[in-house]
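Hello,

Here is the structure I promised to pass on to you. Have a look at it first, and then read on for my notes on what was found in it.

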Amino acid sequence: MGLELKNVSKTFAGKIAVDNISLTLNTPGVYGLLGTNGAGKTTTIRMILGIIKKDSGEITWNGKAVDRKSVNFGYLPEERGVYPKTKIFDQLIYFAELKGMKTDDAKNSINKWAKELKVEEYMDMPAEKLSKGNQQKIQFMTAIIHNPELVVLDEPFSGLDPVNTEILKNIIIDLVRNGKYVIMSAHQMPTIEEFCSDILILNKGKTVLKGNLKEIKETYPASRVRIDTDTKIEKYIQELDLKIENEKNNEYVIKITDEEKAHTLLNNVISNGIKVNKFDIMKPTLNDIFIEKVGE
Amino acid sequence: MKDVITVAKFTIKEMIKRKSFIISTLIILVMIVVGFNIPNFIDSISGGDFSEKLLVVDNDNVFEGQLEALKEADSGYDIEIGKASFDEIKTKIENDEISAAIIIEKQEENVKIRYILEDITMMQGVPEDLMSTFNTLYSNIQISKLGLTQEELESITPNFEFTLEQTDEEEASGNILVMMIMSIILFYAIYFCAYQVSSSITTEKTSKIIETLVTSTSPRTIVLGKTLGIGIVGLIQMIVIVGTAFISAKSFLDPELLNSVLDMSNITPYLAVITIVYFVLGYLIYALLYALTGSTISKPEDIQSANSPVAIFAVISFYLSYFTMMNPTSNLNIFASLFPFSAPFCMPFRVMMGLASVTDVVISIVILLASILIVAQVAIKIYSNAILNYGTKMGFKDILNMYKSKEN
């Protein structure tokens, strides 16, 4: 069940865009597709959706080769676009009908999602009168209006204010709860960490890291320690040859290479009668891992 | 097919709701109705009196009191016989009482006839018809004085029959000028309708909606639906415009005036059907070419340069048929009626002139249909590859590569 990519490659005019990538989504959830600009994410997504043909490899949905017809998918592209002069309702109906919905079902679905996304009052307006954020919500609606099994969201939160981000997040959580498969591509690593259990990092078309996010993190040694004290402790830090990454009101973030040094620091501080309010040995963030993998 | 109709329906709605479309169509219709009413407007302003008032002064009685006969002769002037000096005539012309005057003066050896107008800048000389009217009247007066018998009179009156003939076996019928004007109208109708396809595709691409659209349905469906939708609007628009022109001509124009310009017997239902068929086919071939160029554009400022090859091609094809129409039996005109890109501008007029047999028309339509299928194939393939390309403007080489690469 689900989506499977096996050794998929694509070349454009002699330049390799996607090189031999494989991934599997076998349970409903959010799958993170990461990479720098031009890493091959959009090409991968387009191949999954059957918009462009792969040069080699295999892409299957529930065991069957994907094409436009075999997967009921929804797509929020990174390139945002709406018909500027057309009434929102008319364009939503148009896309719903193209996705095979009957007009009445489409109307019901539009009403339901308009309410949920809080865009009911814009339905009779031409798109050009809407703010960018609201246009984005309309485009998100086109992606999910027909109740797709697979939803591909390319940068779903970019350009949204915190209130709208929250609305969208809740909807994505609901989609997963309702058994949908979601592929999300984003540059905000905290968002990916919040949603995705599995990730794939692409760099120049090649897979540089893939797997369960928690398991990936486990394999990385602790990289920082956070320690909150009531006086300055620079002296003890320098004694151990450690580097301060950040300090604010005696709360230090210190880079470490092994956990042992962190414990030594804690002992030294306490034994000198300094009160410690917080002590936290931290695993690297996805951001750290990402930069390590794709940063040059 | 269902999706093609959905795309066509949406395209039609988008088009007919556009203010620019509604306003331009209304302006054309109003211009037609007003245009055909111009003779009536002039009529009502000048109180139904079209002809110019001409004062004829024969102080020396050269015409021996026979000038009244001028009024009966169909000279196109409203003739008044009277006496007046040059100064009086000047005042009358200035006061718009008359538009012109003729003073007949006997001189020693001949008769001087002065034709007096307010301003002679636009005149090439004394009008021929006026001169011949006076000549005839004077001859008649003199002949009647000779007391000739009926036979003698007939013998000196020329009895010539002038006819116009050609050596070529095929003979064209119809007014060539009218056909040329109609050919220009047909060209613009086809061209602008087809251009809409490019403009619609470019708008979708530059507004980035194409990404959502192409994941909702196939590129083939989009191209076909769009071409169908714009074609339907264009066809209805053309029928409404031609229909309005036809009804306006029939109801507002003097039938005599109408017949002098256009031989209505040339306009048969067969010709109407042929014209519509060629409009549709001509539109299709150019619309698909425009779909191809339209899909290669990423930025609105590139529209002109990307579409110009099609525009140049269309204009050359049009002139090929337009100029050879003056010599409609030439091989070049026959070629123009078969060459798929010029046939839509040429064949309806060969039919109108009675030069094209049904077989000629069928051959031309078959060539055109085959060409449309080929152009459609190429256009859809390139469109499929080009629409998701937002890079710089594509050159001919890129387009060729897209044609060679796998269809998406």
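**Strands and sheets in chain A**

Strand 4 (residues 56-61) and strand 5 of chain A run antiparallel and are joined by two bridges. Here strands, like helices, are DSSP runs numbered from the N terminus (E, at least two residues, for strands; H or I, at least four, for helices), and two strands pair if DSSP finds at least two bridges between them. Within this pair, T60(A) lies opposite A65(A) of strand 5.

Both strands belong to an open sheet of four strands in chain A, with the order 2-1-4-5 and antiparallel pairing. Strand 2 (15-25) and strand 5 (64-65) of chain A are at the edges with a single partner strand each, so one side of each has no neighbour in the sheet.

Before going further, a word on the model and its numbering. This is a predicted model, in which local features need pLDDT of at least 70 and side-chain atom pairs count only at pLDDT 80 or more, while totals for chains, interfaces and linings use all residues. Residues are numbered from 1 along each chain as its sequence is written, and chains are lettered from A and ligands numbered from 1 in the order in which they are written.

Strand 11 (residues 224-229) of chain A has antiparallel pairings with strand 13 (residues 251-255), over five bridges, and with strand 14 (residues 276-282), over six bridges. I227(A) has Y252(A) of strand 13 as its bridge partner, and T229(A) faces V276(A) of strand 14.

**Two domains in chain A**

Chain A splits into domain 1 (3-218) and domain 2 (220-294); these bounds come from an automatic or database domain assignment. The centres of the two domains, taken over C-alpha atoms, are 39 Å apart. Their contact involves 13 residues of domain 1 and ten residues of domain 2, where contact is defined by C-beta atoms, placed from the backbone, within 7 Å. Elements giving two or more residues to the domain 1 side include strand 3 (29-35) and helix 6 (189-195) of chain A.

**Where chain B meets chain A**

How many residues of chain B are in contact with chain A? There are 19, and they touch 22 residues of chain A. Helix 1 (2-17) and helix 8 (210-216) of chain B each provide at least two residues of the chain B side. Helix 8 of chain B gives the largest share, six residues.

Happy exploring, and best wishes

Technical notes. Contact = placed C-beta atoms within 7 Å.
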